[in-house]
Amino acid sequence: MVFRELDLDNNGESIMRFTAKLLAATALAGVSIPAHAQDADVDALKAEIAELKAALEILSSKVEAQSQQNTQTQNDVAAVKTTAIQAKTAADTAQATAEKTAEAPFDISWKGAPEIKGDGGWSFKPRGRILWDVGTVDAPNGVNDPGLGFSNEFRRVRLGVQGKIPGGFGYKLEGDAAGGGFELTDAYLDYKKDGLTITVGQHNNFQSLEELSSSNDTSFIERSAFTDAFNFTRRIGLSAQVSSGDLIVQGGFFTDNGGDLDDDENNSISLDGRVVYAPKLGDAQLHLGASAHWRDFGEAITTARFRQRPLVHTTDTRFIDTGNLANAEEQFTYGLEAAVISGRFHAAAEAHWLDLTRSGGFEDANFFGGSVEAGIFLTNDTRGYRGGVFKGVKVANPVGKGGLGAFQFNVRYDRLDLNDGPVIGGTQDGYMASLIWTPVNNVRFLVNYGLLDYNDVIPALANGTETDFSVNVVGARAQISF
């Protein structure tokens, strides 16, 4: 029979043969059957047609099932294709991102704080420092001054930014919030090319080695006494520096400090210059320098005053003080510098003179300040030096990496003489020692001791009794800078 000849699991050729037989049977069923035909033949034909219809239904179900399976397979294939496309897109994106990152227009490094360097020469770095000091100053016999004894302060709390600009330009902006106010320290734009540096804005005017070296890197809590006594400070101006081999020449024209621009005392002018010769002698770094500074106080300034604290800044008491000197017109200062760094050892010496010109029959005055110091590291470290100034130590064995940090011991003799003719400001001789611990780069702890001898102290401070005496001073500092 037709049904028995059908192989439903066979290929398309079996289906075609079955379809032909089914069409033939259907045609016969539609033809009129003669009356003389036997009933048995009719019944057999009907049975075969019924069997063919049943086979057709089975085939239809099988085709439908196969069709659904094919549809699912097509959906699965489409899903796989979609997933593959998405994976390729993600891979392309990742590759593009990687290539873009590899060719990023900036990179970030760490120098105590993040420094961002951009494409074409741009850079940006936050900078700052926190210096917290404590100190105690003996009270001489007969002196009852609330500024003596124990005291503490935030010596410096600075925050700023610095960086470079394409074309050889650079900038620095920094202010100090110590003392509850805000004082602008550095604010300038510079240009550097082939050993030449031109700077415009508020910056240091090349006063001395001690003054130009950062307070982050000095060997004592406070600089040599003459630097504050002679009113060294940053001023607004235009300067140039030329470096060639071991020689550095600096010079500039300056006006007043930016903090004085709202006052009447803002029309002074000055010319400042400094020369440094810094050769290497074997492994030793030498430093020889000289500077000169002329300043016209201007019409608004009519007095000048020179004074100094006893080693620490935490007290406002000054045992040495000229008071206000009337009819001050001009000031000329000049100084000499010398230093050497050899392995763990360093030594430095400075001398500075100040000549004050006065009008209206007042005598001119001449003052002197200077210091000599030596220091040695107790660990395998050395004092830094670059560009004519001292720099910080790079700790060889920092804490946290199996080391104890850097330990440095220093001694200093410091002299300040504010006596000349009718001007009796007093003299101060300081015999000092310091111990510095630098556990890691950018962090320091300092302890200072000073025995200060005074002569010709102003009678008002000495209560009319002693004008010559000595005081013991102890100071300490915790410091972080970046």
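## A buried pair

Lys-172 and Asp-186 form a salt bridge, with their closest N and O atoms 3.2 Å apart. A salt bridge here is a side-chain nitrogen of Lys or Arg within 4 Å of a carboxyl oxygen of Asp or Glu. Lys-172 lies in strand 5 (residues 169-176) and Asp-186 in strand 6 (residues 183-193), so the pair ties together parts 14 residues apart in sequence. Strands (E, at least two residues) and helices (H or I, at least four) are DSSP runs, numbered from the N terminus. Both Lys-172 and Asp-186 are buried. Buried means under 20% relative accessible area, with a 1.4 Å probe and protein chains only.

## About the model

This is a predicted model: local features need pLDDT of at least 70, side-chain atom pairs count only at pLDDT 80 or more, and totals for chains, interfaces and linings use all residues. Residues are numbered from 1 along each chain as its sequence is written, and side-chain values use heavy atoms, leaving out hydrogens and water.

## Other salt bridges

The count comes to 17 salt bridges. Glu-222 meets Arg-155 at 2.8 Å, N to O. Glu-222 lies in the loop between helix 4 (209-212) and helix 5 (225-229) and Arg-155 in strand 4 (residues 149-165), so this pair ties together parts 67 residues apart in sequence. Both are buried.

Arg-127, Arg-158, Glu-174 and Asp-176 are linked in a network of salt bridges.

## A hairpin

Strand 1 (residues 106-110) and strand 2 (residues 114-118) pair in the antiparallel sense over five bridges. Two strands pair if DSSP finds at least two bridges between them. Three residues separate strands 1 and 2 in their hairpin, where Gly-112 in the turn has a positive phi of about 80°.

Terms used
Buried < 20%, exposed > 50% of the residue type's maximum accessible area, 1.4 Å probe, protein only.
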